[in-house]
Amino acid sequence: MDALSEEKIVVEVDETYAAEVNANDLMRTIAVTLQAEGRPGGEVTLLVTDDEAVAAYNQQFRGVEGPTDVLSFAAQEPTPGFVTAPEMAAYLGDIVIALPFTRRQAAALNRPLIDELRLLAVHGALHLLGYDHAEPEEEAIMWAKQDAILAGLTSNE
């Protein structure tokens, strides 16, 4: 392991997609994102799965029908009446990516799948750290951070 604390980042890929997804690259992508944001010890789980699973999460947790490319579930968001155990303070949350959706999106944008997966991993990790894009000002900040992190990733290859 390198200094990026990748051992605290778990990437799970459905067996169906194992040949298409470089789990180590996604682990490194999240580690670089956390490092860039001053949270190198953050713990994250990333699941790469199918459209149906993501559609079910999307419906259950957001009330939105159908799949999407990425969902983030922050563990540190305040929940009324719930106190986070001190030993869980480093756990930032979960990211879920729908690979078929992402594959179609990458093709439509004429982007390599690996680049789209990296973008979604960075995007998801930034959501776990509290960034959002609901308002234009928030979006500008989040997109600038995404772009800077992704540029750093590609320049280090």
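How many salt bridges does the count come to by the rule used here? It comes to six, a salt bridge being a side-chain nitrogen of Lys or Arg within 4 Å of a carboxyl oxygen of Asp or Glu. The model is a predicted one, so local features need pLDDT of at least 70 and side-chain atom pairs count only at pLDDT 80 or more, while totals for chains, interfaces and linings use all residues. Residues are numbered from 1 along each chain as its sequence is written, and side-chain values use heavy atoms, with hydrogens and water left out.

Take Glu 20 and Arg 103: their closest N and O atoms sit 2.9 Å apart in a salt bridge. Glu 20 is in the loop between strand 1 (9-13) and helix 1 (23-36) and Arg 103 is in helix 3 (residues 99-108), so this pair ties together parts 83 residues apart in sequence. Helices (H or I, at least four residues) and strands (E, at least two) are DSSP runs numbered from the N terminus. Glu 20 is partly exposed at 35% relative accessible area, and Arg 103 is partly exposed too, at 34%. Here buried means under 20% relative accessible area, exposed over 50%, and partly exposed in between (1.4 Å probe, protein chains only).

Asp 25 and Arg 118 also pair up, at 2.8 Å from N to O. Asp 25 is buried at 10%, as is Arg 118 at 9%. Asp 115 joins Asp 25 and Arg 118 in a network of salt bridges.
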